[in-house]
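Please consult the sequence and structure shown here.

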Amino acid sequence: MRKRVAIVGGGIAGLAAALKVRDLAPPETEIIVYEQSGVLGGKLRTGRLAGVTVERGAESFLMSAPTGGPSAAARLAARLGLPIVHPAAVPAAVAASAPPSGGPARHPALGSRAEPPLSPLPAGTLMGIPRESPEVPTADPLLAPGADISVGDLVSARLGPEVVDRLVDPLLGGVYAGRASDLSLATTIPALAAAARSAHTLSEAVRAAQAASKRAPGTPVFGAVDGGMTQLVAAVAAACGARISLGLPVRELAPAATGWRLRLGPVPATQTDDVDAVVLAVPARAAARLLDGVDPLAAATVGRLDYASVALAGFALPPGTTLPVLSGFLVPPSRGTLVKAATFLTRKWTHLTGEDGPVIVRASLGRYGEEARLQPDDRTLLATAHAELAELIGAPLPDPAEAWVQRWGGGLPQYAPGHLDRVAAVRAAIAGRPSLALAGAAYDGVGIPACVASGEAAAETVCKTLED
């Protein structure tokens, strides 16, 4: 009898799961991808700005896996025959922090108190944490076996709060839109957490984590799909051969005699679909709602994961606009700006435009807990971002020829300390139902490689049940 597998969620994790099911399941298996919005790709969305291809979501992906070899995203792009481009070798910077109010001497990595508007990121750091620091070794290792702590608490205790504000918060905020004091060390910097379980200084742990990197020297760190991430989405959707259902939300998931029953569509005219296996590749709150009829305790745990809302502002500045010779910059939270980061896209990605083309700047707006600051209309957000960019750069910016705002409400999960244990508990709770698996950033990390790997692992789990 032909098997049927439902993938709930059409982001890159769900699509990667669908492709892996196609690889592993019997050829006649029917795969259905349910995406409640009208478009596939989740946070991968490519747009146009003044005739230039500009990402409205994730801009690039890591090329290497932590264990060595290509990342899951790089492998996927290579399999699909998609050309990869790499950023130019241009440094990034960090904006000056809020004026200090006295206190202890600064960490050497921070330089003098008289800061230029933008300073190159210090070399040799790990997510902003210096590898050389004046420290007194602890009697016991920094982190006990099985323990977790926030990145900010560890760094502040060892190096002082200014290092957190000036270096660590901008870097972590650029990835997670959260504060270092709220983010799990074991989840966000796992190599450092592993090293901290035997190291007695943070410098020792940073050096050990960097030494453990398997990336081949000289290989590119980041890559992107030439033509935009939408090309990746379309290629995976085509290769998996799934039936794609857009605009039909999955409202309920319940065990059935031989698998699962999905209740679909608007109330009261709902439909049902019976399948043999399900991969839930949706954000935490949607997953919690669907899990409630399966395991209420697991659902409650998943539902506690919080998210940060962010927005992107794209500006097409006139050709020849002068910008600092940087790929972009990060902003410490203490500055109090809505802008938390900016990328000089046409300098970072030189394939995007020629000398006579527009100068594209993309700003990232908003941090965790600042949702109210993103509520004004697009015109107001653009005006705020434009003014702040000029202030942060330290020079006026011309008016853009074209601009847009892309909002991602609840876009980035916030991994509080203990996140990995909570995820393990949820997966253990549903382990008795191996035809159901969870995938996506809610569990296994942000970034395209993490989401692809999560989707593939979920597919491997449910495909074992199709062999029976």
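## Sheets and a helix pair

F61 stands opposite G223, a residue of β9. The model is predicted: local features need pLDDT of at least 70, side-chain atom pairs count only at pLDDT 80 or more, and totals for chains, interfaces and linings use all residues. Residues are numbered from 1 along each chain as its sequence is written, and side-chain values use heavy atoms, with hydrogens and water left out.

β5 pairs with strand β9 (residues 222-225) in the antiparallel sense over 2 bridges. Two strands count as paired if DSSP finds at least two bridges between them. Strands (E, at least two residues) and helices (H or I, at least four) are DSSP runs, numbered from the N terminus. The open sheet here has 3 strands in the order β5-β9-β6, with antiparallel pairing. Its edge strands, each pairing on one side only, are β5 (61-62) and β6 (84-85).

A further open sheet of 3 strands runs β11-β12-β13, and its pairing is antiparallel. At its edges lie β11 and β13, each of which pairs on one side only. On average, neighbouring strands of this sheet are turned by 20 degrees against each other, direction ignored. Between β11 and β12 the antiparallel pairing extends over 6 bridges; A254 has R261 in β12 as its bridge partner.

| β11 | 250-256 |
| β12 | 259-264 |
| β13 | 271-275 |

Helix α1 (residues 12-24) packs against helix α8 (residues 229-240) at an angle of about 30 degrees, with the axes 8 Å apart. α1 is therefore roughly parallel to α8, a term for angles under 35 degrees. Axes are lines fitted to C-alpha atoms, for helices over the stretch in contact, and angles run from 0 to 180 degrees between N-to-C directions. The crossing of α1 past α8 is left-handed, meaning that the near helix is turned anticlockwise from the far one by less than a right angle.

In α1, I12, L15, A16, A18, L19 and R22 meet L232, V233, V236, A237, A239 and C240 of α8, where contact means heavy atoms within 4.5 Å. The residues of this contact divide into 11 nonpolar, no polar and 1 charged. Ala, Val, Leu, Ile, Met, Phe, Trp, Tyr, Cys and Pro count as nonpolar, Asp, Glu, Lys and Arg as charged, and the others, Gly among them, as polar.

The protein comprises 15 helices and 20 strands. Its C-alpha trace spans about 70 × 60 × 45 Å along the principal axes.

How values were computed:
Parallel < 35°, antiparallel > 145°, perpendicular 65-115°, else oblique.
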